[in-house]
Each structure stands twice: as structure tokens, then as C-alpha cells.
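Me: I have a structure on screen and want to learn how to read it. Can you take me through some features one at a time?

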Amino acid sequence: MNEKPIFVFIPAYNEEESIERVINGLKKLKLNLKIYVIDDGSTDRTAGKARKAGATVIRHPINIGGGAAIRTAFTLAILNNAEYIVTLDGDGQHDPKDLLKIIEAAKDGVDLVIGSRFLKKQKQEMPRYRLMGIRLFSRLLTKKVKTKITDATSCYRVYKTKMLRRTLPKLRENQYYGLETIVRMAENRAKIKEVSITSIPRICGKSKKGVLKYGYNLMRTLLRTLT
Amino acid sequence: MIKGIQVLGILVSIYLMAKTVVQYKKRNYSPKRTAFWLSLWVVMAILFAFPSLTLLALPILTTQDAMLTVVVVGLMVTFILIYQTYQQVTSLERKLTELVQNIAIDNHLKKAMSDPEKEDE
């Protein structure tokens with residue numbers, strides 16, 4: 001897996017303060033990486049900064065949501081005949097050093113590796129309502145897909161492209177796509193595994209998830225995904 | 001004896017069922033989503049055919065007939081409008097998303113073909 005380039009996709013919306021740091025962190029790993037930033041219609045300098053840091057930028061002309069950005073990434077992965085792809089957030093809350101760990105886990109014939117912030121006990125810098133939401137949805141998802149899921153919304157993942165070819169046509173969600181991708185991949189009998197990752201507190205910018213919006217969108221996604 | 005309002009309710013339910021099947025045939029709905037909406041419309045049709053069932057569950061509806069009719073008709077119209085809007089928003093959202101994604105990928109591929117070295121930077 002190391003001879004071929006590893007495709008890394010970073011969906012980003014208005015992440016000018018953190019995107020360079022994320023890309024530079026990945027470059028420091030000295031791996032054969034092809035880094036793509038899917039700029040989901042940012043109104044700030046996210047695209048320019050990502051390009052300057054050495055990433056290839058694919059730009060949505062308007063903001064349509066992280067789920068749409070990730071589907072653009074999946075389409076590009078298929079077009080590029082990538083074997084595996086890695087996705088991580090552009091807000092700097094994912095540690096690039098964990099990349100090696102989740103790639104290693106993907107070698108065991110696993111179709112989807114999820115980086116979980118909750119497998120090991122560690123301090124979580126997120127509001128209580130989000131923690132409760134993640135726990136609730138992870139439990140519901142565990143029942144649905146019959147695989148233990150502790151972090152249903154984590155987007156630090158490795159996907160096997162072969163499985164994405166079968167799953168992509170079924171994906172619809174523009175928000176909170178994490179739940180949907182797990183359910184649809186499980187329907188395709190994908191082997192899913194979680195590995196522990198480090199949760200880094202956000203040091204710049206601010207979360208775009210307010211309590212009401214977060215609750216409403218998660219409920220909506222759950223209803224649409226499970227019906 | 002079956003009342004006019006019941007016939008109207010059943011007809012509206014059948015109309016909504018037909019609309020749901022059309023959406024399924026157009027592949028806008030998954031089988032599960034189709035089943036969800038169809039079961040909702042079937043329940044609605046059953047309640048209109050046998051309104052006494054609502055008396056068992058919702059005794060509060062046993063108000064004056066005229067008032068009840070207005071409320072029921074109003075609700076039916078609202079159901080239709082909400083459902084139509086839901087269909088249109090879902091369909092438009094999908095089309096818009098696909099359009100935006102296609103533009104982004106086409107632009108990327110054009111750039112990659114015109115200047116492959118720069119694209120790899």
C-alpha cells in the first residue's frame with residue numbers, strides 16, 4: 001500500500017485559519033501522499049491557503065455541505081483508481097500522526113476504518129449535547145450495522161475504493177454523512193473497524209454546529225438514513 | 001353510511017399513494033422510504049374509511065360536525081402541500097448537489113489536462 005500514493009481528501013468550509021496547519025502536518029509524515037482539499041464554497045481564503053500549502057484544490061462553486069464534498073472526494077478517488085482513500089477534517093481537530101495507525105488498520109481487508117475519539121478514555125473538548133448526541137447515535141448505529149461503533153460522526157476514516165464504487169450511488173446526505181456512509185457500507189457487507197485516535201481541541205476558528213441546528217440535522221439524517 | 005368527507009379523504013390518500021409510487025419509479029425514493037410514505041397514506045385512508053377508529057384513540061375529535069369537517073379538510077390540504085413541498089425540495093436539493101459536484105470535478109479535470117504539472121503541486 002505504501003508504494004502507491006495514498007489519496008487524502010480534506011473537505012473544508014471556511015477553514016483559512018487551520019487548513020495550512022493540517023496540510024503541513026500531513027506533509028511532515030514523509031509519506032507518498034496526494035492531498036486534495038474539497039473546498040465546499042468557502043467565502044474566505046481556504047482555497048488559496050490550501051493551494052499554497054501544496055494541496056490540490058477542488059472547489060464547489062457554492063456551499064452545499066460536507067456530505068456533498070465527501071461524495072466529490074469519492075468520485076475523484078474512483079476516477080483516480082485509488083486503492084484506499086483517507087478523509088479528515090480541515091479544522092485541525094484530527095492529528096495527522098494518526099494517519100499511519102488508521103492506514104495500518106486498513107491493511108487487514110477492512111473496507112472502512114473509523115478513527116474513534118472514544119475508544120480510549122481522553123478529555124473531550126466538545127459541548128455536552130454533542131457528546132450525548134454522538135453516544136446516542138453510535139448506539140443506534142451499532143444495533144443497525146451489528147458492529148460496535150463508538151464514534152459515528154468521526155470523519156477521520158480510511159475507505160477502500162472498491163467498496164465506494166458500490167456505495168456511492170446510494171449516498172444522498174449533504175449533512176452528517178458519517179452516519180449514512182456507515183449504514184450504506186454495512187448494507188454492502190463492508191468490514192468495518194474502529195481505531196483509537198487523538199482528539200485535538202480546536203485552537204482557531206469556531207464550530208459551525210449550534211445546538212438546535214445540530215440536533216435537528218442529526219435527527220433528520222437519522223430518519224432519512226434508517227427509513 | 002359513508003359520508004362525502006370520507007370519500008374525499010380516501011381519494012386524497014389514493015392520490016398521495018400514487019404520487020409516492022411515481023417518486024419510487026423515478027428512483028427518487030428508496031424502497032424503505034417508499035414503504036414509509038405508503039404506510040402513512042394507507043393509515044390515513046383507513047382512518048377516513050373507518051372514522052370510529054379515531055374516536056377510540058382521540059376522543060378530543062368528537063366536536064361539532066361542521067367544525068370537524070373544516071379542520072379535517074384543512075389538514076388534508078396541508079398534508080398535500082407539505083408533501084408536495086417535501087418532494088420538490090428533495091428533488092431540487094439532489095439536482096443542485098449533482099450540478100455543483102459536476103462543475104467542481106469538470107473544472108478540476110480541465111485544469112489537470114491543461115497543466116498537469118501545476119495540478120500536482
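Me: How do I describe two packed helices, and at what angle do the axes of H1(B) and H2(B) cross?

Reply: Two packed helices are described by the angle between their axes and the distance between the axes. Axes are lines fitted to C-alpha atoms, for helices over the stretch in contact, and angles run from 0 to 180 degrees between N-to-C directions. Here helix H1 (residues 4-25) of chain B crosses helix H2 (residues 31-49) of chain B at roughly 170°, and the axes come within 8 Å. H1(B) is therefore roughly antiparallel to H2(B). The cut-offs: under 35 degrees is roughly parallel, over 145 roughly antiparallel, 65 to 115 roughly perpendicular, and the rest oblique. Keep in mind that this is a predicted model: local features need pLDDT of at least 70, side-chain atom pairs count only at pLDDT 80 or more, and totals for chains, interfaces and linings use all residues. Residues are numbered from 1 along each chain as its sequence is written, while chains are lettered from A and ligands numbered from 1 in the order in which they are written.

Me: Which residues make the contact of H1(B) with H2(B)?

Reply: Two residues are in contact if their C-beta atoms, placed from the backbone, lie within 7 Å. H1(B) contributes residues including B:Ile10, B:Leu16 and B:Tyr24, and H2(B) residues including B:Trp37, B:Trp41 and B:Phe48. By class there are 12 nonpolar, five polar and no charged residues. Ala, Val, Leu, Ile, Met, Phe, Trp, Tyr, Cys and Pro count as nonpolar, Asp, Glu, Lys and Arg as charged, and the others, Gly among them, as polar.

Me: What else does chain B contain, helices or strands?

Reply: Helices (H or I, at least four residues) and strands (E, at least two) are DSSP runs, numbered from the N terminus. Chain B has five helices and zero strands. Of its 121 residues, 12% count as buried. Buried means 20 or more other C-beta atoms within 10 Å of the residue's own, exposed 12 or fewer, partly exposed in between, with C-beta atoms placed from the backbone.

Me: How are H5(A) and H7(A) placed, parallel or antiparallel?

Reply: Helix H5 (residues 128-145) of chain A and helix H7 (residues 177-187) of chain A pack at about 10°, with axes 10 Å apart. They are therefore roughly parallel. A:Phe137 and A:Leu141 are among the H5(A) residues in this contact, and A:Leu179 and A:Ile182 among those of H7(A). The contact has seven nonpolar residues, no polar and one charged.

Me: Which residues touch the most other members of the largest nonpolar core?

Reply: A nonpolar core is a set of buried Ala, Val, Leu, Ile, Met, Phe, Trp, Tyr and Cys residues joined through C-beta atoms within 7 Å. The largest has 62 residues; A:Val8, A:Tyr36, A:Val37, A:Ile38, A:Ala73 and A:Ile85 touch the most other members. H3(A) gives the largest share, seven residues. Another core, of five residues, lies apart, with B:Leu16 and B:Trp41 among them.

Me: Why does A:Ile35 count as buried?

Reply: A:Ile35 is buried because it has 21 C-beta neighbours inside 10 Å. A:Ile35 sits in strand E2 (residues 33-40) of chain A. A:Ile35 and A:Thr56 are 21 residues apart in sequence, but 6.3 Å apart in space, C-alpha to C-alpha.

Me: How many residues of chain A are in contact with chain B?

Reply: 16 residues of chain A are in contact with 14 residues of chain B. H3(A) supplies the largest share of chain A's side, five residues. That side divides into six nonpolar, seven polar and three charged.
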